[in-house]
Amino acid sequence: MKKILITNDDGFHSEGLNVLKETLEKIGEVIVVAPDKERSAVSFSLTLHRPLRVTELKKNFFIVDGTPTDCINIALKDLMDEMPSLVVSGINLGPNLGDDTLFSGTVSAAIQAVLFGIPSIAISAISKDGRFYLEDSAKVAFSLSKWVLKNGLPDGIVLSVNVPPPPILGLKLTSLGKKRYSPDIIERVDPRGRKYFWIGNGNPVLEGSEDTDVGAIRNNYISITPIHLDLTAKAYLEKLKDSEFLQFLREGTKEIFKKEF
């Protein structure tokens, strides 16, 4: 059977992770390597200043006291005797739309797996009235996983998937929209008289046409967005090449060229 590695950023106890595990066991041998607690919004954070500890909860189910990216690195470099055929990160309890992809531990774990050359999917569920319809998201993950195991993905590509609550009207291939945050900063004083701050989400503003992930979810469609790590602003790069940008900088910095020590 194909080996499938799964992780998340909501922690090993998350219902989303466990529903995903049960679903994907129908098509492969599932290995879980997940954080010991919720690690949302940690992006690509690595734990570098303390040792990491791994607990084997049961066969093929490991807990790491670190980030989702730590989990992927430890799984692939130590816990698994061979590379998996697929990595699936999720099911995240909440959306990963637009700018969320920069912060999301769920998406970052999938991207980390891609750096090892492994096809990867990040899947997120959106709630309605406080309820997550995880069975729907699991069915999407199941079908996508079957397709990727058969067809693969281009090198460096992650599929970021968001599943709306019912009624779901269909599927859309999308680009990233915008999710602009203006976080609440709450200032308090602790019992010792020292200030502390608590950062909240505030009320993020969602922007995006119908062909973006934001627009698809707004219209009750499943959003599937291929993303990659190349953050180069290629259009602006070409514009700078055609401008006097470099000449201007050369004039201001020419004294450092060919400087000898």
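**Entry 1**

I started at Pro167, which lies in the loop between β7 (158–163) and β8 (170–173). Helices (H or I, at least four residues) and strands (E, at least two) are DSSP runs, numbered from the N terminus. I note that this is a predicted model, where local features need pLDDT of at least 70, side-chain atom pairs count only at pLDDT 80 or more, and totals for chains, interfaces and linings use all residues. Residues are numbered from 1 along each chain as its sequence is written, and side-chain values use heavy atoms, with hydrogens and water left out.

Pro167 is joined to Pro166 by a cis peptide bond, with omega about 0 degrees. I found another cis bond between Gly90 and Ile91, where omega is about -10 degrees. Ile91 belongs to strand β5 (residues 86–93).

**Entry 2: positive phi**

Most residues other than glycine have a negative phi, and most peptide bonds are trans. I looked up Ser43, whose phi is positive, near 55 degrees. Ser43 sits in the loop between β2 (29–35) and β3 (54–58). Asp129 also has a positive phi, near 55 degrees, and I found Asp129 in the loop between β6 (120–125) and α5 (134–151).

Which of these is buried, and which is exposed? Ser43 is buried, with a relative accessible area of 17%, whereas Asp129 is exposed at 77%. Buried means under 20% relative accessible area, exposed over 50%, and partly exposed in between (1.4 Å probe, protein chains only).

**Entry 3: two helices**

Next I followed helix α2 (residues 68–79) and helix α4 (residues 105–115), whose axes come within 8 Å and cross at roughly 25 degrees. That makes α2 roughly parallel to α4, since angles under 35 degrees count as roughly parallel. The axes are lines fitted to C-alpha atoms over the stretch in contact, and angles run from 0 to 180 degrees between N-to-C directions.

Who meets whom here? From α2, Pro68, Thr69, Ile72 and Asn73 meet Gly105, Ser108, Ala109, Gln112 and Ala113 of α4; contact means heavy atoms within 4.5 Å.

**Entry 4: salt bridges**

How many salt bridges does the structure hold? I have nine in my notes, each a side-chain nitrogen of Lys or Arg within 4 Å of a carboxyl oxygen of Asp or Glu.

- Lys21 pairs with Glu25, the closest N and O atoms being 2.7 Å apart; Lys21 is buried at 13%, and Glu25 is partly exposed at 36%.
- Arg39 pairs with Asp36 at 2.8 Å between the closest N and O atoms; Arg39 is buried at 15%, and Asp36 is partly exposed at 28%.

Terms used. Parallel < 35°, antiparallel > 145°, perpendicular 65-115°, else oblique.
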